[in-house]
Amino acid sequence: MTIGWHFDNTYLKLSKTFREEIKPTPVHDPNLVILNEELAEDLKLDFSKIDNKDLAKLFSGNVLPNDTNTIAQAYAGHQFGHFTMLGDGRAVLLGEHLVNNTKRFDIQFKGSGRTSFSRSGDGRAVLGPMLREYIISEAIHALNIPTTRSLTVVSTGEKVVRENLLPGAILTRVASSHIRVGTFQYIAAKQNVNDLTTLLDYTVERHYPEIQSSKNKALDLLSLVMEKQCQLVINWMRVGFIHGVMNTDNMTLSGETIDYGPCAFIDHYDPKTVFSSIDKFGRYSFSNQPPITKWNLARLAECLIPLIDKNEDQAIKIATEIIDNFQNIYEIKWLNMMRDKLGLFGEDKDDLELINNLLNWMQSNQADYTNTFCYLMNISSIQDQIYEDKDFIDWSKNWEKRILINGGNKENSLELMKKNNPFVIPRNHKVEEALEAANNNDLKPIYDLLSILKKPYTKQVNIEKFQTPSKNQNYQTFCGT
Ligand code: AMP
Ligand code: MG
């Protein structure tokens with residue numbers, strides 16, 4: 001039976017400090033819940049000759065493919081500002097799967113049993129949250145935002161103890177790597193410069209080979225990761241995504257979105273929006289995501305200090321200069337992103353004011369973030385009396401005048417807007433509805449939702465119910481599930 005796995009496990013070759021060798025704990029009665037056939041195809045994996053029962057054995061870890069030496073990876077993290085030694089407490093890495101001998105993907109099971117990093121956790125995951133990660137990560141991918149992907153969800157046939165007994169599941173996650181800011185923090189905390197150099201070299205070789213022979217790899221890595229993470233958070237702000245738990249262990253060096261826990265999309269525009277039940281002080285609120293990105297990057301910079309310059313003061317000085325530049329880079333990128341959302345070409349001195357006026361209007365009138373841009377595109381069926389408001393109409397007149405500046409016209413503006421404004425996002429109530437149905441063994445709502453979320457920038461017919469904002473203004477999400 002040839003599936004097409006090509007494992008080549010370079011992380012395993014790093015010293016023992018980086019990981020624990022551990023097998024997934026077998027589960028009682030694995031059943032395939034969902035398989036991402038498109039992703040399987042991208043990974044050049046062929047499951048067509050395997051029945052679902054065997055697939056479930058494979059993706060629960062009950063039967064492991066050849067050439068895998070499963071490991072749990074060590075990492076640390078600032079969780080809500082507090083430093084903790086963490087690690088994969090409920091995940092194992094099967095290995096790195098090579099596609100066409102060039103592209104390398106981590107294949108990881110999440111919910112696969114206890115490891116030495118589990119602390120008091122049971123090592124398990126619940127079906128609902130794993131399907132939620134599947135839906136949202138695939139939606140983020142379709143929105144053209146870098147992210148880990150979801151290949152399968154398998155139910156385990158075992159109950160997991162949470163607030164009550166819930167069905168257990170294992171998600172197979174695909175990532176360009178699982179190297180986190182927290183990985184650097186873990187190794188830096190061990191104060192072994194050799195291991196730190198190894199991690200730097202490994203990360204550069206895997207993600208940024210263009211700086212392999214640079215004079216100051218650590219500094220160049222910091223700049224490149226900052227660029228990637230800045231672009232990532234800009235993308236989140238573009239589509240109204242709140243990650244919800246931007247701890248340093250949930251920030252990748254590759255610039256992919258990772259660890260979908262209490263994440264959700266905003267409906268009405270309010271920069272202070274927080275969905276996570278435990279984020280009492282709004283540390284990870286919508287508008288706090290950019291400064292938190294900078295804060296996390298500063299933690300990465302601290303780890304790299306010994307490798308930036310032998311003179312610590314000098315190293316701190318140059319690393320600080322890089323981090324201090326985050327705000328400038330972010331503001332320029334953000335302004336350009338908002339110009340794209342509004343179909344504005346080139347620059348005009350009043351652009352910032354025009355954009356802020358719209359955002360302020362949306363906030364005061366509780367206007368839906370996604371639907372307001374759809375309404376402006378004037379090609380969707382969005383209708384809402386809110387847009388008859390005089391202030392909005394006055395604003396629109398200014399905006400229409402601005403469109404014509406710098407050689408712009410309505411037509412090319414619309415083309416630009418269509419690439420940047422999704423018609424659909426995973427609406428919180430639709431996600432919840434689909435998960436509830438899945439809990440009752442009805443997967444149709446998930447498939448329907450996924451198929452619509454696959455084409456967010458394409459006008460689709462009969463999707464109004466997927467565009468309507470949730471009536472629940474106090475939507476809450478939960479992590480640690
Ligand atoms: P997360 O909230 O998924 O980013 O996880 C934060 C840390 O808690 C990581 O080290 C996880 O491996 C660990 N963790 C989360 N849930 C569990 C669980 N059920 N059992 C063991 N460890 C867990
Ligand atoms: Mg995490």
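The exercises below concern the cavities, the ligand site and a pocket of a predicted model.

**Exercise 1. The largest cavity**

Task: Find the volume of the largest cavity, and state which residues lie closest to its centre.

Solution. 
Step 1. Start with the count: there are two cavities of 30 Å³ or more.
Step 2. The largest cavity holds about 80 Å³ of space.
Step 3. Its lining consists of 14 residues, and Gln229, Leu232, Trp236, Asn250 and Met251 are the closest to the centre.
Step 4. Two elements, helix H6 (217-239) and helix H7 (289-308), each give two or more residues to this lining. H6 supplies the largest share, four residues.
Step 5. Sorted by class, the lining of the largest cavity has six nonpolar residues, seven polar ones and one charged residue.

**Exercise 2. The second largest cavity**

Task: List the residues that line the second largest cavity, and name the strand that gives the largest share.

Solution. 
Step 1. The volume of the second largest cavity is about 30 Å³.
Step 2. Its lining is made up of Asn9, Tyr11, Leu12, Asn69, Ile71, Leu93, Leu94, Gly95 and Glu96.
Step 3. Strand E6 (residues 91-99) gives four residues, the largest share of the lining of this cavity.
Step 4. The classes for the second largest cavity are five nonpolar, three polar and one charged.

**Exercise 3. Ligand 1**

Solution. 
Step 1. Ligand 1 has 17 residues around it, and the nearest are Gly87, Gly89, Arg119, Asp122 and Gly123.
Step 2. Ligand 1 taken alone exposes 480 Å², of which the protein buries 85%.
Step 3. The shell around ligand 1 contains two nonpolar, seven polar and eight charged residues.
Step 4. Both domain 1 (10-175) and domain 2 (181-334) contribute to this shell, with at least three residues from each.

**Exercise 4. The second largest pocket**

Task: Describe the second largest pocket by its volume, its lining and the domains that the lining draws on.

Solution. 
Step 1. The volume of this pocket is about 480 Å³.
Step 2. Of its 23 lining residues, Arg104, Phe105, Ala175, Ser176 and Glu256 are the closest to the centre.
Step 3. The elements that give two or more residues to the lining are helix H1 (37-42), strand E7 (103-110), strand E10 (165-175) and helix H5 (193-207). Among these, H5 has the largest share, with four residues.
Step 4. The lining of the second largest pocket divides into eight nonpolar, eight polar and seven charged residues.
Step 5. At least three residues of the pocket lining come from domain 1 (10-175), and at least three from domain 2 (181-334).

Key: Residues numbered from 1 in each chain as written. Chains lettered and ligands numbered in written order. Predicted model: local features only at pLDDT ≥ 70, side-chain atom pairs only at ≥ 80, totals over all residues. Heavy atoms only, no water. 1 Å grid on protein atoms, 1.4 Å probe; cavity = no way out; pocket = protein on both sides within 12 Å on 5 of 7 lines; lining within 4 Å. Points joined across faces, edges and corners; volume = space filled by probe spheres on them. Nonpolar A, V, L, I, M, F, W, Y, C, P; charged D, E, K, R; others polar. Near = heavy atom within 4 Å. Areas by Shrake-Rupley, 256 points an atom, 1.4 Å probe, with all protein chains shown as cover. Domains from an automatic or database assignment.
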